[in-house]
Amino acid sequence: MHRIPSASPGELLRSGRPITLRGAGHSCGGQTVTDGELLVTYAPDTYARDIRDLGEGLIEVPSGASWHALERHLNQRGRSVPVLPNYLHMSVGGTLSVGGIGVTSVRHGMQTDHIERIRLIDGTGTGRWCSRTAHPELFRFALGGLGTVGLIERIVLRSAPYRRFAHVHRTRHRTLAELVEHTERIARSEDVDIYWASVRRHRFRSATGWTSDEPVRCATANCSTAPDLPFTWDREPERTADRVRLWTDYLVPVERLAPMVAAVEEYRLRPPLDRARTMLYLLIVRRPAAAVPFAFAPAATAPVSIGVGVYTWVDRDPSATAAVRGVFRDLLERCCELGGRPYLYGADELDDALAGRLYGADLSRLRRLRSAHRLDHVNAHLGLARAARAG
C-alpha cells in the first residue's frame with residue numbers, strides 16, 4: 001500500500017501497474033479493496049495545512065483532506081461547506097467521487113454541485129484542471145465517477161456563509177405512509193434548510209430544520225437548537241465483530257418515493273431483512289437549476305430526488321450476506337424501473353446490462369476516455385469500469 005506523498009501521484013499512475021484508488025476507505029461495496037494490486041490511499045488528517053483560501057468564498061483543498069479539517073478551517077473564517085456528510089472523517093476527494101449528499105441537500109443539492117474545478121491526474125501522470133469550461137467532459141465524468149477517469153488531486157469549491165445554529169423540529173409519524181407523505185410535502189417546499197427521516201422497526205421519525213446566526217428559542221418540546229450540528233453526530237459508524245455492515249442508497253424522483261419505499265418495506269418485514277438489524281434513512285436532494293449533468297452521479301436530471309438508504313447489519317454468515325445482496329439486486333432493479341439511480345459507494349452489484357440501462361451512451365464514452373487517458377489499469381475491478389469495457 002502506498003500513501004500519496006505530495007509529489008508522487010503522477011509517477012504512481014503512469015507506472016502502468018494495476019492500481020486501486022482510495023480516500024479514507026469508507027465504501028460499503030468493496031470499491032476500495034484490492035487483491036494484489038497497488039493501493040493508492042490518503043491519510044486525511046495530514047492534509048489540513050494545504051488548504052488555501054482563494055478569495056470570494058473559493059477554497060482550494062487537497063483531495064486527501066478530511067471534511068472535518070476543511071469545515072473547521074472554514075468555520076474559523078466565517079465560512080462553511082454547503083453540504084456535509086454525517087461522518088466528517090472521510091476524504092474530500094473520495095466523497096466527491098461518489099457525489100456527496102447530506103441533511104442540507106434539501107436546499108443545496110449534492111456536494112459536487114459546489115465544485116468550481118478539479119485537478120485530475122490521468123494514467124500518463126499528466127495533471128490538468130477541469131471545470132465546466134476547461135475539459136468539461138472530464139469534469140462531468142470525474143465527479144461522481146468512482147475514480148474511473150483519474151485521480152482527483154486538488155479541488156476548488158464554493159463555500160457558504162457560516163451559520164452556526166440549527167433549529168430542528170422532530171416529528172414522530174404514526175405510519176410509514178404518513179412519513180412518506182410528509183417527506184414529499186417537505187420536498188415540494190423551498191424554505192427548509194435541513195431534512196432527514198428514519199425508520200427503525202416500527203418507529204417512523206423525521207427532522208426538519210433551519211439554520212441561523214443566532215440561537216432560536218424553542219416553543220415546543222419537539223424542537224431543539226443545536227450549535228455546529230455536523231459535529232454533534234460525527235462519529236465512526238458502528239461496527240461489531242459478529243455482524244457485517246451492508247449499506248446501500250437509491251435516489252429516485254420525488255414523485256416515485258412511495259413505490260420505492262413500498263418495495264423496501266416489502267423486503268424489510270420478511271427474511272432475510274427481518275432477521276437483520278435494518279434501518280431506512282431518507283434524504284431530500286434539491287439540485288441547483290443550472291447543475292452539471294454528471295455522468296454517474298446518483299441524482300441525475302430530476303430537480304428534486306429522494307435518497308432511500310437501506311442500512312443493514314447482517315450475521316457473519318455467507319448465506320445471510322448472500323441473501324441480503326440478493327435483496328439489494330432486486331431493489332436496484334426496482335430503482336432503475338422508477339427512473340432512479342444507485343449511490344455507487346453502496347453494496348450493490350452493478351452488472352453490465354443494468355449499467356447500460358442506467359447510464360446509456362455515457363458508458364461507451366467512459367470506455368473511450370479511459371483508453372485515451374491510459375487509465376485501463378486504474379480501478380479496473382469496479383463494476384462501472386467492467387461495464388464500460390463490455391459496452
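Visitor: Where is Ser159?

Guide: In this predicted model, Ser159 sits in the loop between strand S9 (151–158) and strand S10 (160–161).

Visitor: Why is Ser159 called buried?

Guide: Its relative accessible area is 11%. Buried means under 20%. Ser159 therefore counts as buried.

Visitor: What does the side chain of Ser159 reach?

Guide: The backbone oxygen of Gly57, at 2.7 Å. A polar contact needs N or O atoms within 3.5 Å, and 2.7 Å is the value for Ser159 and Gly57.

Visitor: How do you know which class Ala207 belongs to, buried or exposed?

Guide: Ala207 has 1% relative accessibility. The cut-off for buried is under 20%, so Ala207 is buried. Its place is in strand S13.

Visitor: How far is Ala207 from Tyr195, in sequence and in space?

Guide: The two are 12 residues apart in sequence. From C-alpha to C-alpha, Ala207 and Tyr195 are 5.6 Å apart.

Visitor: What makes Asp348 stand without a salt bridge?

Guide: Distance. The nearest side chain of opposite charge is Arg325, 7.8 Å away. A salt bridge requires nitrogen and carboxyl oxygen within 4 Å. Asp348 is buried yet has no salt bridge.

Visitor: Which side chain does Asp348 contact, and where is Asp348?

Guide: Its side chain and that of Tyr250 are joined by a polar contact of 3.0 Å. The limit is 3.5 Å. Asp348 is found in the loop between strand S18 (341–342) and helix H10 (352–359).

Visitor: How many salt bridges does the structure hold?

Guide: The structure holds 19.

Visitor: What makes Asp213 and Arg163 a salt bridge?

Guide: The closest N and O atoms are 3.9 Å apart. The definition asks for within 4 Å, so the pair of Asp213 and Arg163 qualifies.

Visitor: Why does this pair tie together parts that are 50 residues apart in sequence?

Guide: Asp213 lies in the loop between strand S13 (203–212) and strand S14 (223–227). Arg163 lies in the loop between S10 and strand S11 (165–173). The pair therefore links parts that are 50 residues apart in sequence.

Visitor: Why are Asp213 and Arg163 called partly exposed?

Guide: Asp213 has 48% relative accessibility. Arg163 has 40%. Buried is under 20% and exposed over 50%, with partly exposed in between. Asp213 therefore counts as partly exposed, and so does Arg163.

Visitor: How do you know that Asp315 and Arg243 meet in a salt bridge?

Guide: Their N to O value is 3.9 Å, and the cut-off is within 4 Å. Asp315 lies in strand S17 (residues 304–315) and Arg243 in strand S15 (residues 243–253), so this pair ties together parts that are 72 residues apart in sequence. Asp315 is partly exposed, with a relative accessible area of 41%.

Visitor: Which residues do salt bridges with shared partners join into one network?

Guide: Arg52, Glu60 and Arg154.

Visitor: Which residues gather in the patch of positive charge on the surface?

Guide: Arg172, Arg200, Arg201, Arg203 and Arg205. Take Arg200, in strand S12 (residues 194–200). Its relative accessible area is 39%. Patch residues need over 30%, so Arg200 passes that test. Arg200 is partly exposed.

Visitor: What makes the phi of His135 and Leu146 worth a look?

Guide: Most residues other than glycine have a negative phi. His135 has a positive phi of about 50°. Leu146 has a positive phi near 60°.

Visitor: Where are these two, and are they buried or partly exposed?

Guide: His135 is in the loop between strand S8 (127–131) and helix H5 (136–142). At 41%, His135 is partly exposed. Leu146 is in the loop between H5 and S9. At 12%, Leu146 is buried.

Visitor: Which peptide bond is cis, from Pro271 to which residue?

Guide: The bond from Pro271 to Pro272, with omega near 5°. Most peptide bonds are trans. Pro272 lies in the loop between helix H8 (257–268) and strand S16 (277–286).

Notes:
Residues are numbered from 1 along each chain as its sequence is written. This is a predicted model: local features need pLDDT of at least 70, side-chain atom pairs count only at pLDDT 80 or more; totals for chains, interfaces and linings use all residues. Side-chain values use heavy atoms; hydrogens and water are left out. Patches are made of residues with over 30% relative accessible area and no salt bridge: like charges are joined within 9 Å, nonpolar side chains (Val, Leu, Ile, Met, Phe, Trp, Tyr) within 5 Å. Accessible areas come from the Shrake-Rupley method with a 1.4 Å probe; for residues, only the protein chains shown count as cover. Lys and Arg count as positive and Asp and Glu as negative; His and the chain ends are not counted. The place of a charge is taken as NZ of Lys, CZ of Arg, CG of Asp or CD of Glu. Helices (H or I, at least four residues) and strands (E, at least two) are DSSP runs, numbered from the N terminus. Buried means under 20% relative accessible area, exposed over 50%, partly exposed in between (1.4 Å probe, protein chains only). A polar contact is a pair of N or O atoms within 3.5 Å; within protein, one must be able to donate a hydrogen and the other to accept it, and residues adjacent in sequence count only if both atoms are side-chain atoms.
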